[in-house]
Amino acid sequence: MRTVDTHRGGLLLGHGDYTMTYPAGPDAGQYRRGQAVVLHRSNHLSRYDARRGVTAGDTALLGWFNGGLHLHGLPGRRVRPARLDGHYWPGADWLHDALTGPAPDEAVGALGGALPVTVEEPDEDGTLVVSRRLQPTSALSRGGLLRTEAVAALGPALVLRSGPALHLLPVQDVVPGIPEGHRAQAAALIARSRHLVWLRISGTPGRRLRVEARLDVPEPRPYADEYDAVPFAVVGPEDHPAGLLVRTPHDEGLRWLPVGLLSWAEALTTAEIRAAFPAEKCALHVRSQHDGTVSAAGVRRVYRARRDLTLGARLRAEPLDVPGPESAGGGLALAQPHGMLVRLGKNPVPGTNGEAILVEVAALGTQDTTGVRVVPLGSRLLTLDLPGALVCGSRAAAAAHIAGLAERHRQWLLEGLDAGGLPETGRDPAESVDAAVLRAWSHAARATGGAAGTDDGLALDRRGIDHALRQWVTTHGEDAFGLRQEAELGLAETLAACLLMRHVGEADPLLARGAVLLAHQTGLRAGRSLHVEPVVRLWATADGQGTGQAGSPLEARLADLDLPGTVDRVGLEEILRFGHGVLGRVDADGPAHRLTAAARAVLVSVGQLSADMDLRAGAPVLSLVADLGRALHPPQDEAVAQPALSAAQTYLLRALLTRVVGKGPLFLLPVPARLPGVAERLAREVIAWGG
């Protein structure tokens, strides 16, 4: 007895989901709260008779009390589940396992604290035995449409109630595509809301049934795979949500929307998603994916708009008053007319009051769906596509850095390996590794009569060479082989490592193939970095004096040109004026200006690359490295084009290394391309060799 209402004559019976108001009328005053009562099949209510007790075939409500199972109304009687048998637990093996498992209290609590059970014959010691023998089966054994309600979550599974019957379904059968690590949370969120779940069951009884958790209705037009959805719940950690559960009104189903396909903004937090897409208060237009999930960014018109976005493109966007994390680097805005979230830069936007403003695209991710960052029109900072060594503060600083590095390169080649046979350790670990590989190559070349020197009668220090190469592969291997697309590399050090790998590979086929792969990847980086060589040679010369002593106005403008890491609109216009000004001039006898290569290079560094630009003309070293990379392009399904570098290819690499060391260092930018699977396996084998 839960409640006695003598005024209205009603008695509230039961517990949890299984409660009812019994109309006792004037007899209500005969009962008291907490009293055990019996409701007979004739709908007659009586007090519980302790002398009769409960007998086999009675129905009771199972609960948890004082650390054990009990029957509501009889907290003093010990209770245990009947043995696992289809007779006692029809279609409900999962329920027996939950009640006899390590956490039966959690199972009963998840079910609302009460579960209808059938009383069986008690044990000899008086312990009551209960089952689900007389309750409806939990097996989904018939076809058709079944209306259920999510009433509980048991780990990554949902307990669905259809009338008095309970069914257990994995949450991925109700919402396909949820990542395994987030299924338990998703199930708990669905159960907490008591969500209505329609089950369409098809198949032959006795065999595996097909269950779909949605109505069978025609999908909307004009595209059958695009429809509206309503936000339901955010799943995942607060600072790194995994996705969004959405409800589709046309078929009353739930879908999984991964966070990466929700908008054009990256690094969304749970608070941002909830503020921008309040549950049940806004509509999203989504598109079905092949794995059963949906995508908002994949809707056809949205995908086409994202694909056509370019840096500097103008949009209208409505800033949102949504506090974002400091790591995200700005707030959020709603891009119009697509309704996609974008990151709005930290530049203040005074007086907008939720009104749309003009913005321009400041950054685009490598994916086709995310990574869009915008700033108010006119405030975009452009990142120059140049190595860090050239944008280290000023032209004088870049020249000093390059001159110092060139001197260290020459010194390392002259020193070779030290007396102990191992490379010396410098203060900078990365520089120590670079020094080691150049010294080791110098030693190997001298000992074998290679192009770096003549045969000086040195004993070949195989241990020192091996150690230097392993160090370099361990430190730079993932970047050099294209497994990561982040770090820049020095050309001299990379060529030395390739030559050392070819040398050691004479006795190891793995390293011989690794040298071919490294040469191919170095060539790809060189082709990506052709504009770097003219900037190094013509803008940041070793003596810091620009292009020479001619002192022409254009040479003076190049010497005064500022190439920082990022430029604003004024800095961009200065670069564009110089580049286009040089390309528009010819000397009296017709040929292009001698600074043409520098002009093309600085234009490319700000994204002004056109099809008629010949970048090879200003990059005599990097163009040869790029040619070698193209020649080593492997056939389909092959990791490398050949088992080892040929003698001619090795000679070319030696000559290029000697030329780079003589004229000064060059740098290789990363290539934003994923390594094919077969080549990736070879790269990882070589890196594993490095240790």
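Guide: Buried residues make up 48% of the 691 residues in the protein chain. Buried here means under 20% relative accessible area, exposed means over 50%, and partly exposed lies in between (1.4 Å probe, protein chains only). The model is predicted, so local features need pLDDT of at least 70 and side-chain atom pairs pLDDT 80 or more, while totals for chains, interfaces and linings use all residues. Numbering starts from 1 along each chain as its sequence is written, and side-chain values use heavy atoms, without hydrogens or water.

The chain holds 18 helices and 29 strands (DSSP runs numbered from the N terminus: H or I of at least four residues for helices, E of at least two for strands). Take its contacts (heavy atoms within 4.5 Å) with a separation of 6 or more: 63% of them join residues 24 or more positions apart.

Now to α14. This helix covers residues 569-583, 15 residues in all. From first C-alpha to last it reaches 21 Å, close to the 21 Å expected at 1.5 Å a residue (the expected span is 1.5 Å times one less than the number of residues).

Which residues of α14 are buried? They are Gly571, Leu572, Ile575, Phe578, Gly579 and Val582. Seen down the axis of α14, these buried residues fall within an arc of 130°, so they line one face of the helix (the arc is taken over the directions from the helix axis to the C-beta atoms). The general rule is that an α-helix has 3.6 residues a turn, so residues three or four places apart point the same way.

What does the buried side of α14 pack against? Its partners are β26 (382-383), α13 (553-560), β28 (566-567) and α15 (596-605). On the face turned away from that buried side sit the exposed residues Val570 and Arg577.

Look next at the start of α14. There a side-chain oxygen of Asp568 comes to within 3.2 Å of the backbone nitrogen of Val570. Val570 is one of the exposed residues named above.

α11 is mostly covered, with 14 of its 20 residues buried. At its start, a side-chain oxygen of Asp508 reaches to within 3.0 Å of the backbone nitrogen of Leu510.

Gln642 lies between α16 (620-631) and α17 (647-663). The C-alpha of Gln642 is 7.4 Å from that of Arg513, although the two residues are 129 apart along the chain. Leaving aside residues up to four places away in sequence, Gln642 touches Val516, Leu632 and Gln649. The side chain of Gln642 makes a polar contact with the side chain of Gln649 at 2.6 Å (a polar contact is an N or O pair within 3.5 Å; within protein, one atom must be able to donate a hydrogen and the other to accept it, and sequence neighbours count only if both are side-chain atoms). That side chain of Gln642 also reaches the backbone oxygen of Ala644 at 2.8 Å.

Gln35 is found between β3 (18-23) and β4 (37-39). At 9% relative accessibility, Gln35 counts as buried. A polar atom of its side chain lies 3.2 Å from the backbone nitrogen of Arg32. Beyond four places in sequence, Gln35 touches Met1, Gln30 and Arg47.

The peptide bond from Gln336 to Pro337 is cis, with omega near 5°. Pro337 belongs to the loop between β22 (331-336) and β23 (340-344). Glu252 has phi near 55°, a positive value in a residue other than glycine. Its place is the loop between β17 (243-248) and β18 (253-258), and Glu252 is partly exposed at 26% relative accessible area. Ala267 has a positive phi of about 55°, though it is not a glycine. This residue is in the loop between β18 and α5 (270-276). Ala267 counts as exposed, at 53% relative accessibility.
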